[in-house]
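Take a look at the structure below. We will walk through its strands, its core and a few of its residues.

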Amino acid sequence: MQNAVQSGDVVTLTAPYDVASGAGAKVGAMFGVAVKTVANGAQGEFVVAGVFDLKAASADTPAQGAAAYWDDTAKQVTATVGTNLKIGVFLVAKGAGETTGRVRLNGAF
């Protein structure tokens, strides 16, 4: 195909705030995990599909396969819908008090 640009699993985005390597960020209606640390307003590479351990709301107790959302205010994954952006599913159940959630990003917007 002559019109193919890239696979799309890693894309270049402008960071809406400082994002540490391995941390998530919401860019418009997209979500990605920073490959390297990206300063606010700078462009960087973000992975938009795959499985990641992300900072998570400690009170949440989602079951395996439960929808995962990004809380852009707290900069963490949560099981709470509200105004949060759906980013994928919890690949592993998460217990109360755990501050990391294993999430499979949906890669679709």
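Two strands pair if DSSP finds at least two bridges between them. Strands themselves are DSSP runs (E, at least two residues), as helices are (H or I, at least four), and both are numbered from the N terminus. The model is predicted, so local features need pLDDT of at least 70 and side-chain atom pairs count only at pLDDT 80 or more, while totals for chains, interfaces and linings use all residues. Residues are numbered from 1 along each chain as its sequence is written, and side-chain values use heavy atoms, with hydrogens and water left out.

Start with the overall plan. The protein has nine strands and zero helices. Its pattern along the sequence reads β-β-β-β-β-β-β-β-β. The radius of gyration, taken over C-alpha atoms, is 14 Å. Along its principal axes, the C-alpha trace spans about 45 × 30 × 25 Å. A contact means heavy atoms within 4.5 Å. Among contacts between residues at least 6 apart in sequence, 45% join residues at least 24 apart.

Next, follow one hairpin. Strand β2 (residues 24–27) pairs with β3 in the antiparallel sense, over four bridges. Gly24 stands opposite Val33 of β3. Lys26 has Phe31 in β3 as its bridge partner. Two residues lie between the strands of this hairpin, and Gly28 takes a positive phi near 65° there. On to the next strand: β3 and β4 also pair in the antiparallel sense, over two bridges. Here Ala34 stands opposite Phe46 in β4.

How well covered is β3? Four of its five residues are buried, so the strand is mostly covered. Buried means under 20% relative accessible area, exposed means over 50%, and partly exposed is in between (1.4 Å probe, protein chains only). Phe31 has 3% relative accessibility and therefore counts as buried. Across the protein, buried residues make up 36% of the 109 residues.

Now go inside. In soluble globular proteins, nonpolar side chains tend to be buried together. A nonpolar core is a set of buried Ala, Val, Leu, Ile, Met, Phe, Trp, Tyr and Cys residues joined through side-chain atoms within 4.5 Å. The largest one here has 25 residues. Phe31, Phe46, Leu54, Val77, Ile87 and Val103 have the most contacts inside it. Look at Leu54 in particular. Leaving out residues up to four places away in sequence, Leu54 touches several residues, including Phe31, Val33, Val77, Ile87 and Val103.

Rings of Phe, Tyr and Trp (its six-membered ring) pair if their centres lie within 6.5 Å. Planes under 30 degrees apart count as stacked, over 60 as edge-to-face, and the rest as tilted. By this rule the count comes to one aromatic pair. The rings of Phe31 and Trp70 have centres 4.8 Å apart and planes at 50°, so the pair is tilted. Phe31 lies in strand β3 (residues 30–34) and Trp70 in strand β6 (residues 67–71), so the pair ties together parts that are 39 residues apart in sequence. Both Phe31 and Trp70 are buried.

Finally, visit two loops. Ala59 is found between β5 and β6. This residue is exposed, with a relative accessible area of 65%. Lys75 lies in the loop between β6 and β7 (76–78). With a relative accessible area of 30%, Lys75 is partly exposed. Most residues other than glycine have a negative phi. Lys75, however, has a positive phi, near 55°. What does its charged end sit over? The charged end of Lys75 sits over the ring of Tyr17, 4.1 Å from the ring centre. A charge sits over a ring if NZ of Lys or CZ of Arg is within 6 Å of the ring centre and within 35 degrees of the ring normal.

How values were computed
The radius of gyration is taken over C-alpha atoms; the globule rule is 2.2 Å times the number of residues to the power 0.38.
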